[in-house]
Amino acid sequence: QVQLVESGGGLVQAGGSLRLSCAASGSIFSINAMGWYRQAPGKQRELVAVINNGGSTDYADSVKGRFTISRDNAKNTVYLQMNSLKPEDTAVYYCNAELIVVDSGWYDYWGQGTQVTVSS
């Protein structure tokens, strides 16, 4: 019923930038929070950044000042601009959306993940 499709990952040198996008589609009535999480090998998935439907944002301390989350409500899309990337940012990045499915209810959806690799 609902899909989250991510794009924009890749390989970049330390100090470089990448922009991730995540588009939600399907039987969506409304979306509350949208966010980005990441999981590095051998580590637990962690919150990177989240934005609610009013535009309020929150970031992990490790990315504050370097990453910026934004969303386009008309397109049901969330973005993550990542600047000054570090090797420790290397991980699979997952998009998450808390949304209401038409004639159904609240659900938490995840994207398939996109690899971000930062070389030193």
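# Reading strands, rings and burial

Q: In the hairpin of S9 and S10, which residue takes a positive phi?
A: Asp103 does, with phi near 60 degrees, and the hairpin has 3 residues between its strands. Strands here are DSSP runs of E of at least two residues, and helices are runs of H or I of at least four, both numbered from the N terminus. Two strands pair if DSSP finds at least two bridges between them. The model is a predicted one, in which local features need pLDDT of at least 70 and side-chain atom pairs count only at pLDDT 80 or more, while totals for chains, interfaces and linings use all residues. Residues are numbered from 1 along each chain as its sequence is written, and side-chain values use heavy atoms, with hydrogens and water left out.

Q: How many bridges join S9 and S10, and in which sense do they pair?
A: Strands of a sheet pair through backbone hydrogen bonds, in parallel or antiparallel fashion. Here S9 and S10 are antiparallel, over 6 bridges. Ile100 stands opposite Trp106 in S10.

Q: Which strand does S9 join over 9 bridges?
A: That strand is S4, and the two run antiparallel. In this pairing Ile31 faces Leu99 of S9. S9 also pairs with strand S11 (residues 114-119), again in the antiparallel sense, over 3 bridges. There Ala91 stands opposite Val116 in S11.

Q: How many residues of strand S9 are buried?
A: Burial is read from relative accessible area: under 20% is buried, over 50% exposed, and anything in between partly exposed (1.4 Å probe, protein chains only). Strand S9 (residues 91-101) is mostly covered, with 10 of its 11 residues buried. For the protein chain, buried residues make up 42% of the 120 residues.

Q: What is the strand order of the open sheet?
A: The open sheet has 4 strands in the order S1-S3-S8-S7, with antiparallel pairing. Strand S1 (2-7) and strand S7 (67-72) each have a single partner strand, so they stand at the edges and one side of each lacks a neighbour in the sheet. The twist averages 15 degrees from one strand to the next; axes are lines fitted to C-alpha atoms (for helices, over the stretch in contact), and angles run from 0 to 180 degrees between N-to-C directions. S7 and strand S8 (residues 77-82) pair over 6 bridges, and Phe67 is opposite Met82 in S8.

Q: Is Ser21 buried or exposed, and what does its relative accessibility come to?
A: Ser21 lies in strand S3 (residues 18-26). Its relative accessibility is 17%, so Ser21 counts as buried. A contact means heavy atoms within 4.5 Å. Leaving aside neighbours within four places in sequence, Ser21 has contacts that include Val5, Glu6, Trp36 and Val78.

Q: What does Asp108 touch beyond four places in sequence?
A: Asp108, in strand S10, touches Asn96, Ala97 and Glu98. At 46% relative accessibility, Asp108 is partly exposed.

Q: How many aromatic pairs does the structure hold?
A: A pair of aromatic rings is described by the distance of the centres and the angle of the planes. Rings of Phe, Tyr and Trp (its six-membered ring) pair if their centres lie within 6.5 Å; planes under 30 degrees apart are stacked, over 60 edge-to-face, and the rest tilted. The structure holds 2 such pairs. The rings of Tyr37 and Trp110 have centres 5.0 Å apart and planes at 65 degrees, so this pair is edge-to-face. It links distant parts of the chain, with Tyr37 in strand S4 (residues 28-39) and Trp110 in strand S10 (residues 105-110), 73 residues apart. Tyr37 is partly exposed at 23% relative accessible area, and Trp110 is partly exposed at 35%. The rings of Tyr107 and Tyr109 have centres 6.2 Å apart and planes at 55 degrees, so this pair is tilted.

Q: How many helices and strands does the protein chain have?
A: The protein chain has 0 helices and 11 strands. Its radius of gyration is 14 Å, close to the 14 Å that the globule rule gives for 120 residues, so the chain is as compact as a globular protein of that length. The radius is taken over C-alpha atoms, and the rule is 2.2 Å times the number of residues to the power 0.38.
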